[in-house]
Amino acid sequence: MPSTGRPARIGFLLAQLGAHAAELFADQTRGLGITPSEAGVVRIIGRSPGISQRALAETLGSVQSRVVALIDRLEGAGLVTRTRSSADRRVQELRLTESGASVLRSLRHAAEAQEAAIVDGLTAEQATELFGLLSKLSSLRGLDSEVHIGYREASR
């Protein structure tokens with residue numbers, strides 16, 4: 001990168017784009033009647049039907065009380081069910097309802113719309129290169145590409 005006498009400001013630009021991306025996704029999820037945090041939980045439960053509340057908290061890197069509150073809201077909205085495990089009655093297993101599965105399908109479309117808006121103006125090759133570079137940086141820092149770091153931040 002050529003020196004211009006000032007820092008490249010990559011961090012600042014990433015922060016701006018991250019905030020923009022979060023805003024775009026929040027707009028998409030708002031239309032579905034859920035928050036981005038709830039959307040992430042729906043996605044994980046959809047990929048791991050029967051996951052326990054404890055395992056979900058571990059996956060998110062969050063405290064169990066926060067996960068219980070998220071599940072309470074999703075259950076109240078009719079998107080998730082809790083059932084006692086037949087193997088261990090102390091364990092609550094989580095599954096999506098039909099409505100939850102429908103929201104999950106809608107979330108896929110929301111994520112696609114968000115991504116299209118983010119890369120608008122780039123060629124397909126540039127978008128692929130951007131994804132590759134961001135994936136590499138994320139991996140080098142030990143970030144989980146499936147779980148947003150915000151869950152960990154909110155549990156502190």
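Helix H1 buries Ala-21, Phe-25, Ala-26 and Thr-29. These residues sit on the same side of H1, because they cover an arc of only 140 degrees around the axis. The model is predicted. The protein has seven helices and three strands.

**Helix H1**

- H1 covers residues 10–30.
- Its 21 residues should span 30 Å at 1.5 Å a residue, and the end C-alpha atoms are 30 Å apart, so the two agree.
- An α-helix has 3.6 residues a turn, so residues three or four places apart point the same way.
- Leu-17, Glu-23 and Arg-30 are exposed, on the face of H1 turned away from its buried side.

**Helix H5**

- Gln-114 lies in H5.
- Gln-114 counts as buried because its relative accessibility is 17%, under the 20% cut-off.
- Beyond its neighbours within four places in sequence, Gln-114 is in contact with Ala-21, Ala-22, Leu-24 and Phe-25.
- Among these partners, Ala-21 and Phe-25 belong to the buried residues of H1.
- Ala-111 is also found in H5, which runs over residues 98–119.
- Ala-111 has a relative accessible area of 32%, so it is partly exposed: the value falls between the 20% and 50% cut-offs.

**Second largest pocket**

- This pocket holds about 150 Å³ of space.
- Helix H3 (53–60) and helix H4 (64–76) are the elements that give two or more residues to its lining.
- The lining consists of Ser-52, Gln-53, Arg-54, Gln-64, Val-68, Arg-90, Val-91 and Gln-92.
- By class, the lining residues are two nonpolar, four polar and two charged.

**Overall layout**

- The order of elements from the N terminus is α-α-β-α-α-β-β-α-α-α.
- The C-alpha trace spans about 65 × 30 × 20 Å along its principal axes.
- Of the 156 residues in the protein, 25% are buried.
- Among contacts with a separation of 6 or more, 55% join residues 24 or more positions apart.

Conventions
Residues numbered from 1 in each chain as written. Predicted model: local features only at pLDDT ≥ 70, side-chain atom pairs only at ≥ 80, totals over all residues. Heavy atoms only, no water. 1 Å grid on protein atoms, 1.4 Å probe; cavity = no way out; pocket = protein on both sides within 12 Å on 5 of 7 lines; lining within 4 Å. Points joined across faces, edges and corners; volume = space filled by probe spheres on them. Helix = DSSP H or I, 4+ residues; strand = E, 2+ residues; numbered from the N terminus. Nonpolar A, V, L, I, M, F, W, Y, C, P; charged D, E, K, R; others polar. Buried < 20%, exposed > 50% of the residue type's maximum accessible area, 1.4 Å probe, protein only. Contact = heavy atoms within 4.5 Å. Expected span 1.5 Å × (residues − 1). Arc of directions from axis to C-beta.
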